[in-house]
Amino acid sequence: MGRGRAKAKQTKVARELKYFSPNTDLSALERELHGGSYKQPERVSDDLDETDDYDDYGKWTSSQA
């Protein structure tokens with residue numbers, strides 16, 4: 001199969017995507033944008049022990065030898 005056929009298919013798909021206009025539920029969009037309360041996510045503690053990462057790496061490398 002040559003490049004011409006692949007390019008024609010890509011062009012067809014691109015054209016369909018460009019001119020496709022699905023029905024938009026504007027009321028659902030409005031509810032999403034003007035939603036009720038926003039809950040900020042919890043912060044992760046920065047008190048991580050850095051040696052844990054190195055210990056796991058050491059275990060992994062020693063088993064590979």
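How many buried residues are there among the 17 residues of H1? The count is 0, and H1 is hardly covered. Buried here means under 20% relative accessible area, exposed means over 50%, and partly exposed lies in between (1.4 Å probe, protein chains only).

## Model and confidence

This is a predicted model, in which local features need pLDDT of at least 70 and side-chain atom pairs count only at pLDDT 80 or more, while totals for chains, interfaces and linings use all residues. Residues are numbered from 1 along each chain as its sequence is written, and side-chain values use heavy atoms, with hydrogens and water left out.

The protein chain has a mean pLDDT (the predictor's confidence in each residue, from 0 to 100) of 77, and 65% of its residues reach 70 or more. Among its elements, H1 has the highest mean pLDDT, 91, whereas helix H3 (residues 51-64) has the lowest, 63.

## Helices

The protein chain contains 3 helices and 0 strands, in the order α-α-α from the N terminus. Helices (H or I, at least four residues) and strands (E, at least two) are DSSP runs, numbered from the N terminus.

Helix H1 covers residues 3-19, and its end C-alpha atoms are 24 Å apart.

## Surface

Buried residues make up 0% of the 65 residues in the protein chain. The accessible surface of the chain (Shrake-Rupley method, 1.4 Å probe) comes to about 7,200 Å², of which 52% belongs to carbon and sulfur atoms.

Leu33 lies in helix H2 (residues 26-33) and counts as exposed because its relative accessibility is 62%.

Methods:
Expected span 1.5 Å × (residues − 1).
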